[in-house]
Protein chains: 2
Amino acid sequence: MSPFFVSRWVPCPDHVKELGGEGLPAGFRAAGVAAGIKASGAPDVGVLVCDAPAATSAARFTASGTQAPPVLLCRERARLDALRAVVVNAGNANAATGRPGFENAAKMQGAGALIAGVREDQVAVCSTGVIGVPLPMDKITQGIVGASHALAADGDAAFSAAIQTTDAFEKRARLQVTLPSGTVTLTGQAKGAGMIQPGFATLLVFVQSDAQLSAATCDLLLGVCVRRSFERVSVDGQLSTNDTVILQCSGTSGVAVEPETEDELRFGEALDALMRQLALLVARDGEGARRVGRVVVRGGEPGTVDAVARAVANSPLVKTALYGGDPNWGRIIQAVGAAMPGTAPLPVDIAIEGVQVCARGGVVAHDAQALAEAVAREEVEYEIGLPGDGAETEVFFSDLGHEYVTINADYTT
Amino acid sequence: MSPFFVSRWVPCPDHVKELGGEGLPAGFRAAGVAAGIKASGAPDVGVLVCDAPAATSAARFTASGTQAPPVLLCRERARLDALRAVVVNAGNANAATGRPGFENAAKMQGAGALIAGVREDQVAVCSTGVIGVPLPMDKITQGIVGASHALAADGDAAFSAAIQTTDAFEKRARLQVTLPSGTVTLTGQAKGAGMIQPGFATLLVFVQSDAQLSAATCDLLLGVCVRRSFERVSVDGQLSTNDTVILQCSGTSGVAVEPETEDELRFGEALDALMRQLALLVARDGEGARRVGRVVVRGGEPGTVDAVARAVANSPLVKTALYGGDPNWGRIIQAVGAAMPGTAPLPVDIAIEGVQVCARGGVVAHDAQALAEAVAREEVEYEIGLPGDGAETEVFFSDLGHEYVTINADYTT
């Protein structure tokens, strides 16, 4: 397992240590098996079980108006604050499948409850893959039963493999977190930015810990960390029908993380670092990406800086320039202006990798050669200054290159 | 000159006849010359003059917050209702050039006034090309002087060539329009979707007629037609710093188009068809495009249908599917859901080329082979039905393919 904290933008906190290898926090077991949903024969059904009856949890889902049946099911029929098991399939998103799709998600939930020995409302269901195709329920059910026989404390790598689609690499972490009250383990598995068939990138994220948190603390920390991680990442600006993030805490370590304590602060920092690095890995794996950009916008108001940051991060012109290693700041100022209509003339400042190229809306003489070298690296940072000092935000984004087109266009149903 | 009305989406009105060839309406002269701004040596300075002292006009500009100096100059220092001349350069957008850029735009306006023999405030100035590089004013001035010697009644093709950047084909039309009160000529030249250096697609559109319209009628008709044409087109969702559309009427034909008459209705229909077809040609020439899509959204409210149509038209997943000739409607429903967060479950209907694939949010059995053949044609239509019946809109869009990436990434400064 390669090092997890690989970006300069997400340093590993001092009280966090990478464990490497395999193994879930105490109280968890997982498995991943091949059920024949993916044509490739790769693993495609994953099950994650928490054996602690008092487990707490929290979840977040896509805001899409066309949420897939598994998402609707989780929201309507799961105790999201006390999840004991998660059942996932890859290769088919069970999206745009109507009432039969909802019934199939319910069958998955029922099968999960059966093998985990918990109530149905303690099981979350997730699907990822092609949209608009009915789930092959025989294979799904056989997969869930097969996974039940393979559940193991070190099943996180197998589970992680089973939730992937065409992810180019694993997005998985095992962290030891030292809190004032004791040491806990924090693990996470994410998939995203891949394609199994012409469908689209779905984000699934699962995080586990043996720390003891109230459901309210789970929800609070997950909410803050999602906003700072997965909500700050864009591969192609496309909100999925199936996005799901679930945090589960078994409490098995006996280390209690109480509200408004140093324990909570430190646990939150570790969770934040874990989720930010997972989010960055998703951007890095984004549809054939070669480089990752970070745009930081300062000034103006919260709504404005977010709109500007997303306009830059989602501009195909900025993304192709990032891919080409091209210090083309004209595309940055174009995107800024497009996001702030009716404000001309706007005194924008722009710096790329610390080199100021634009001040108050006009070009600044700079070392073009040094800039060209800086934007040819794997990570490129863009800083944008707007009038005022009311807000600051960031968005991480992947580039847009030939591999993106190949994955998304040259792959016909 | 190839036929102009080539799309099934823009039929030629019965009272309109394509003239082909070259030649401006009575009262206009134009020229295009090579001034050495483009490295290729291609024409890059165009001048258009209306010799009728009573000429009327109207203009529309980009709403960008980072409007280029030529746009700021036109808005601040031009009589947009009585323009006599237009001076354009390609190869350099004179954008993000600050105060010196504004002064250079003013010099272009002054040179235009001198050679046209009109007041400075009767001259519009446009630039297109790379952003953030000072204009080479010696070349520009020499180009304007050179163009003044070449001004001719049949200079529209030369003018059209001089405003292009890397447009793959000419976007120019000559129409004869039969009105109840007489016959008039309507011509138009557009450029867009091209790159001269790593910059971005800028849209410039010039329309001329020898009909006699009040400035108020010019403005009314141009406003309506811009909303129905160029504002319904997206190549990559990127609003430019330099977009400019100018309509000029010389009145030389003596055919008066009075408000609220059959003449106005018929003239408006011709102008509408001209501008819609020019807009479609821009989408078709969009950065290496292979296919053009039209998304029609019905139901809901005006704001919602527009957001949904643009979400579909600007989705890189939809655009790559269009490029690949892939009937991937899962990407359509994903984009619809993303544009309408918080509304799940949303009963969406989707049809592609008349084949219904999704009803009330769930898949509908359909002839996949027939659909695959339909989406492999040059134009593909997507129809989306939302709950309600309050609104309807359309957006035309180009696909996203390898040529787009090549043009925008593999072309380094």
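A word on the basis. This is a predicted model, in which local features need pLDDT of at least 70, side-chain atom pairs count only at pLDDT 80 or more, and totals for chains, interfaces and linings use all residues. Residues are numbered from 1 along each chain as its sequence is written, while chains are lettered from A and ligands numbered from 1 in the order in which they are written.

Let's start with the contact. Chain B gives 61 residues and chain A gives 61 residues. Contact here means C-beta atoms, placed from the backbone, within 7 Å. Which helix of chain B supplies the largest share of its side? H9(B) does, with eight residues. By class, that side of chain B has 30 nonpolar, 27 polar and four charged residues. Nonpolar is Ala, Val, Leu, Ile, Met, Phe, Trp, Tyr, Cys and Pro; charged is Asp, Glu, Lys and Arg; the others, Gly among them, are polar. Helices (H or I, at least four residues) and strands (E, at least two) are DSSP runs, numbered from the N terminus.

Now the symmetry. Chain B superposes on chain A by a rotation of 180° with 0.0 Å of shift along the axis, RMSD 0.0 Å. That is the relation of a two-fold axis. In chain B, the C-alpha nearest the axis belongs to B:His402, at 2.9 Å. Both copies use the same surface: 100% of the contact residues of chain B recur in chain A.

Next, a sheet in chain A. Six strands form an open sheet with mixed pairing, in the order E1-E7-E8-E9-E11-E4. Strands pair if DSSP finds at least two bridges between them. E1 (16-18) and E4 (56-61) of chain A are at the edges, each with a single partner strand, so one side of each lacks a neighbour in the sheet. E1(A) runs antiparallel to E7(A), residues 171-179, with three bridges. One pair is A:Val16 with A:Val177.

Last, the backbone. Most residues other than glycine have a negative phi, and most peptide bonds are trans. The bond from A:Ala344 to A:Pro345 is cis, with omega near -5°. A:Pro345 sits in the loop between H9 (330-339) and E13 (349-352) of chain A. B:Asn94 has a positive phi of about 45°. B:Asn94 is buried, with 31 other C-beta atoms within 10 Å. Buried means 20 or more such atoms, exposed 12 or fewer, partly exposed in between, with C-beta atoms placed from the backbone.

Technical notes
Contact = placed C-beta atoms within 7 Å. Least-squares fit on C-alpha atoms with pLDDT ≥ 70 in both.
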